[in-house]
Amino acid sequence: MQKPKQKQGRTPGQGNRTLFRRTIFLMAVVGVLAFVPLVTQLAKLQIFQHDYWEERAANQQTKDVAVNAGRGSIYDAQGRTLARSGTVYQLILSPRDVLVSVDKGDYENEDGTTNESAYQAALREKRALIVNGLVSLLGLDEDNLWKRIEYTNSAYEVLAYEMEEEDTTAVREFISENKFSGMLYFAPSSKRYYPYSSVGAHLLGFMAYTENSGSVKVGAQGLEALYQDVLSGATGRVVTSKTGAGTEMLSSYEEYIDAENGSNLHLTIDSSIQSMLEQTLAEGVETYNVKKGGFAIAMDPSTGAILGMASSPNFDPNNYASVFDQTLLDELKALAEEYGEDSDEYNQAVSDALNLQWRNKALSDTYEPGSTFKPLVVAAALEEGVISPNDHFYCDGGQQVADWFITCHKRAGHGDQTLTQVLENSCNDGMMQIVQKLGADTFWDYLENYGLFDSTGIDLFGEGTSVFWPGGKDFFTSIYGETSVATASFGQTFKITPIQMATAFASMINGGHLLEPYVVQSVSDDDGNSTYYHQVQEVRQVISEETSSTLRGMLESVVAGPSASGRNAYMAGYRIGGKTGTSQKRDEKTGDLICSFMGFAPVDNPKVLVLLAYDSPEQSASNSNYTPSGTYISGGNIAAPMAGQLLADILDYMGVEKQYTTDELEASDTTMINVTGYELTVAKGLLTDRGIRCRTVGTGNTVTGQLPAAGVTIPGSSTVILYLGEEVPTAKVKVPDLSGLSPSEAKNTLEEMGLFLRATGVTDDGGNMEAMSQTIAAGTEVSPGTVVEVRFVSSVIDYADQQLPD
């Protein structure tokens, strides 16, 4: 019997396997879907937000402190320190570490939740302890400190920038007593010091916080700004690990990146010469109540090295944000009384005063150079051969140029003059005749060759730009430029910077070489190795050595000539050449003048060139040519005497040997010999042999006493006193006021009192010479035989108001 066929279907266990596979598939799908958000989040954290979380982890686990590099020093030409950095400290607050220091776990309830109010109270208590402590110790602003301590994402809030070591003691004790280490700490920093205070301030500049410097001061003016990268070096870092409470774990992880100290600048500036310039400026400003200060430059004309550069008003870079000048302070005080210190008027005036005293006028400002420019024109004409040293020029008081009659300062005219006398007399008429021979086209070329259209390239921050006529050479050489050519011949109707003027003038006296002026002689690294040394840079040859030598001789006559405009710069024993300048400030319409003098010495081999200028001496009345004290306002009367003394002081400091003429030798100092006890005739003979005159007091034939005593240095040709039977007086006498007296009058006045005169300045006894200053103030009691030095000047009329074409 056949078995019945089985129905086809699932094999045993097949259903279970299918169910299992389906289950596994569903689990895989669910698992994959479940892990997608996790994988996405991991990708977000590990890839897209990697840098952010790495930084946060590093911030939580490490402490990163910047180590400031030592800023390079600045030295003068003699190695004196003009700027240096010293260690000070920044007080740092880490608000994030203050937050971490209060553990939330200490404020959990029994159910594991945080007692938020208790936690916040504890956090505020710690913050209050820090805030109140720092306000008490340092006088910090409480509201600002509360605001900053709540910046919980910050770990670096600088609360105080430049604390001296002695000022940190109390704060260190406060940190230690309250265990605030990590929350409050000191980071070493540096502070810039200027040991000579205001000396060279406009050259050095100062350091300040800027918009981009953060908590680090950077050079903001002068050499500090221009050489910021050279001086600053590279900042280092100290990175250490720390616990969650902010305590450093030095044994766990630490990394040091050494700071690279900045390089040092070695300047051509000599701080002694710089001080002389600043003192001379200050003296002139005070003497003549100069309303707008002035400027001065001292240069080595053979190299272009700047020996000194000064501007008035001045400031102290140690306190650059404080008004330094007394005149400005007085003006601010008056405004404060009128408007109040919180007024917009007062605040604007303070800002203006600071900007004014920071401004280096010798570098940044422009001015009409006036007659100091005349020698440059004469040199160009001589070089081109259109005139010769033997030529004569007739001045009848002015020249008709186009529609203008342009006057000379001497309206009656100088008459017939040699070329040298044109410069001695500072004759505008003669200069206009010379420039007509030179021609406008060639004149323009020399303006360019002297470098007056370009910046000098000096290594200082903020050099100004000259201002010439609209239309340039096309205008200047056209018929429309005729009056500009004429007035330019005596330094008016264009404006240049003082450094441009000094550089051009130097090229005229140094053999004709236009040199690039400079201030930084060399740079050395932290180990003292020289990394840079300045080589003299010649721009071009402007005139020949022969022409240069001729001009030096002419300019010596401008100072040494008996009636020359620069005679008040004369100093016995010093061969000084130079030119006065008195220029209008035509753009201001005030009638104010700039009185200047450009001088150099020694004439045969110039070691120093000086430009000295006073901006707007006070006038006795509007548009007056005289100061309230009666001094005629001109470069010859105001700037020349100051510049002559300045040149003499600089030459003495440099050790340049004096060169006396025969007349000067007779008046030079000599030493008094002992003639007491000698027969009168013998005594007189001994004194005569030494060029000493004498007078007698008493009767007899034997010298019983003398004044001064043996060994005392007295001026030559002095008249000493020999006593015959009389005792030498010992009672002190009062020095008389010699102002306004002539040399002979002053000499006689002093000798009647047993005192002696050492005359300086213009000493040939002319009718218009008078004492300008004396070294011992009137009324001072001195011993008989004392020498009083008196500076004499001559009234020089080298300028008068004139209407110039616009």
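This is a predicted model: local features need pLDDT of at least 70, side-chain atom pairs count only at pLDDT 80 or more; totals for chains, interfaces and linings use all residues.
Q: Which residue caps the N-terminal end of H5?
A: Asp 141 does, with a side-chain oxygen 3.4 Å from the backbone nitrogen of Asp 143.

Q: Switching to the largest nonpolar core. How many residues, and which touch the most other members?
A: There are 96 residues in that core, and Leu 267, Met 309, Val 378, Ile 434 and Phe 443 touch the most other members. Helix H20 (residues 498–509) gives the most to this core, 8 residues.

Q: Take Phe 443. What does it touch?
A: Leaving out residues up to four places away in sequence, Phe 443 touches Phe 373, Val 377, Val 435, Leu 438, Phe 476, Val 485, Ala 488 and Ser 489.

Q: What other core lies apart from it?
A: One of 35 residues, including Met 276, Ala 298, Ile 633 and Leu 651.

Q: Now strand S13. Which residues are on the covered face and which on the uncovered one?
A: Phe 393 and Cys 395 are on the covered face of S13 (residues 392–395), while His 392 and Tyr 394 are on the uncovered one. In a regular strand, side chains alternate between the two faces of the sheet.

Q: Is S13 parallel or antiparallel to strand S16?
A: Antiparallel, with 4 bridges joining S13 to S16 (residues 415–418). Cys 395 stands opposite Gly 415 there.

Q: Last topic, the open sheet of 3 strands. What order?
A: S25-S28-S26, with mixed pairing. Strand S25 (693–698) and strand S26 (705–707) are the edge strands, each pairing on one side only. The average twist from one strand to the next is 25 degrees.

Q: How many bridges between S25 and S28?
A: 6, in the parallel sense, with S28 covering residues 719–724. Val 697 is opposite Tyr 723 in S28.

Q: Which helix packs on the sheet?
A: Helix H24 (residues 680–689), which touches S25 and S28. The direction of H24 makes about 165 degrees with that of S28.

Technical notes:
Residues are numbered from 1 along each chain as its sequence is written. Side-chain values use heavy atoms; hydrogens and water are left out. Buried means under 20% relative accessible area, exposed over 50%, partly exposed in between (1.4 Å probe, protein chains only). Helices (H or I, at least four residues) and strands (E, at least two) are DSSP runs, numbered from the N terminus. Two strands pair if DSSP finds at least two bridges between them. A nonpolar core is a set of buried Ala, Val, Leu, Ile, Met, Phe, Trp, Tyr and Cys residues joined through side-chain atoms within 4.5 Å. Contact means heavy atoms within 4.5 Å. A polar contact is a pair of N or O atoms within 3.5 Å; within protein, one must be able to donate a hydrogen and the other to accept it, and residues adjacent in sequence count only if both atoms are side-chain atoms. Axes are lines fitted to C-alpha atoms, for helices over the stretch in contact, and angles run from 0 to 180 degrees between N-to-C directions.
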